[in-house]
Amino acid sequence: YSCFECGKTLRIRGGQFRRKHFYHAHLESGCRHSKKSEKHLRIQLQIQKLLPENDSELEFIFIKILRIADVVWFSRNIVFEVQCSFIPEHLVKERTKDYHSIGYEVVWILDDFRFNKWKVTPSEYFIKSLPHYYASVLKENISFYDQFDLIQKFRRKHRGPPQYVILGHAFSTHKIEKKLRKGAPKILQKRMATHRTYFSRDLTDIYLRERDSSLYRSIYLKGEKRSHPLKRLYIELLEIALTDVES
């Protein structure tokens, strides 16, 4: 077998406690795939699977900025950057700035085996201000989710329940009405002001879909149980807002 990027020899290894996978027989410093984990590649493939057919590409090369995107969604001008290992903050800033310079928005996908822990690195803290979601990889199942959390002094003090998103359904924040922006919790106001895109079933989408619905009004007028998913989401919003004020 040979690597489709560098052409060098690949071999297979695996065992009772390790999934079978390819590896470079000789480490090639110039080949990105020699350093990329199997999990990283699986997440990339799952993202592409969720996007419209013939509208995306893996490992796409942007010659103008000398960048190779993990997954690019052409019609929406979105680049998905998958991160399964530590990355310095300055590299996050440089990569994001480069893609912005050619009109692409970067959506960071963070592996929750490495990220979303109680201790937050400076790079993850910075990514929190950018469009991002977490990836959960459990055996054959890979899902992507959004969540509310509260971080103080690089410690995650509060972590809300995951809200699983559909990456193949994207919407523009420019089309959100001003009154809905103003009525949103402060956390979502920041997202709407700085993010160009939001996705189906993420926190922004849940707020916009349910804010004026009869279901929302019934939760507070009729006293639905806390376990109701919509009420739980708004309780998370309230708790974070109150904690933010107290701090």
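Reader: In which strand is S200 found?

Author: The model discussed here is a predicted one. Within it, S200 belongs to a strand that spans residues 197-200. That strand is β13.

Reader: Is S200 buried or exposed?

Author: A residue counts as buried under 20% relative accessible area. S200 has a relative accessible area of 12%, and therefore S200 is buried.

Reader: With which residue does F199 form an aromatic pair, and where in the chain do the two lie?

Author: By the rule used for rings, the count comes to ten aromatic pairs. The pair that includes F199 is edge-to-face, with 5.6 Å centre to centre and 90° between the planes. It links distant parts of the chain, 66 residues apart, with F199 in strand β13 and its partner in strand β7 (residues 132-138). Both residues are buried, and the partner of F199 is Y133.

Reader: Which residues are linked into a cluster by ring pairs?

Author: Here ring pairs join several residues into a cluster. The members are F60, F62, F74, Y99 and Y104.

Reader: Over which rings do the charged ends of R76 and R114 sit?

Author: The charged end of R76 is 6.0 Å from the centre of its ring, which belongs to W73. For R114, the distance from the charged end to the ring centre is 5.3 Å, and the ring is that of F115.

Reader: Which residues of helix α5 are buried, and why do they line one face of the helix?

Author: Helix α5 covers residues 186-194, and its buried residues are L188, R191 and M192. Seen down the axis of α5, the buried residues fall within an arc of 95°, so they line one face. On the other side of α5, the exposed residues are K186, K190, A193 and T194. The buried residues pack against β8 (141-146), α4 (178-183) and α6 (203-210).

Reader: With which residue does R191 form a salt bridge?

Author: Side chains of opposite charge can pair when their charged atoms come close. In the bridge formed by R191, the closest N and O atoms are 2.7 Å apart. This pair links distant parts of the chain, 45 residues apart, with R191 in helix α5 and its partner in strand β8. The partner of R191 is D146.

Reader: Are R191 and D146 buried or exposed?

Author: The cut-off for a buried residue is under 20% relative accessible area. R191 has 13% relative accessibility and so counts as buried. D146 has a relative accessible area of 1%, so D146 is likewise buried.

Reader: How exposed are K179 and E177, whose side chains meet in a salt bridge?

Author: Their salt bridge has an N to O distance of 4.0 Å. E177 has a relative accessible area of 45%, and is therefore partly exposed. K179, at 58% relative accessibility, counts as exposed.

Reader: Which residues do salt bridges that share partners join into one network?

Author: By the rule used for salt bridges, the count comes to ten. One of them is between D149 and R156, with the closest N and O atoms 2.9 Å apart, and both of these residues are buried. The network formed through shared partners comprises E124, K128, D149 and R156.

Technical notes:
Residues numbered from 1 in each chain as written. Predicted model: local features only at pLDDT ≥ 70, side-chain atom pairs only at ≥ 80, totals over all residues. Heavy atoms only, no water. Buried < 20%, exposed > 50% of the residue type's maximum accessible area, 1.4 Å probe, protein only. Helix = DSSP H or I, 4+ residues; strand = E, 2+ residues; numbered from the N terminus. Arc of directions from axis to C-beta. Contact = heavy atoms within 4.5 Å. Phe/Tyr/Trp six-rings, centres within 6.5 Å; stacked < 30°, edge-to-face > 60°. Lys NZ or Arg CZ within 6 Å of the ring centre and 35° of its normal.
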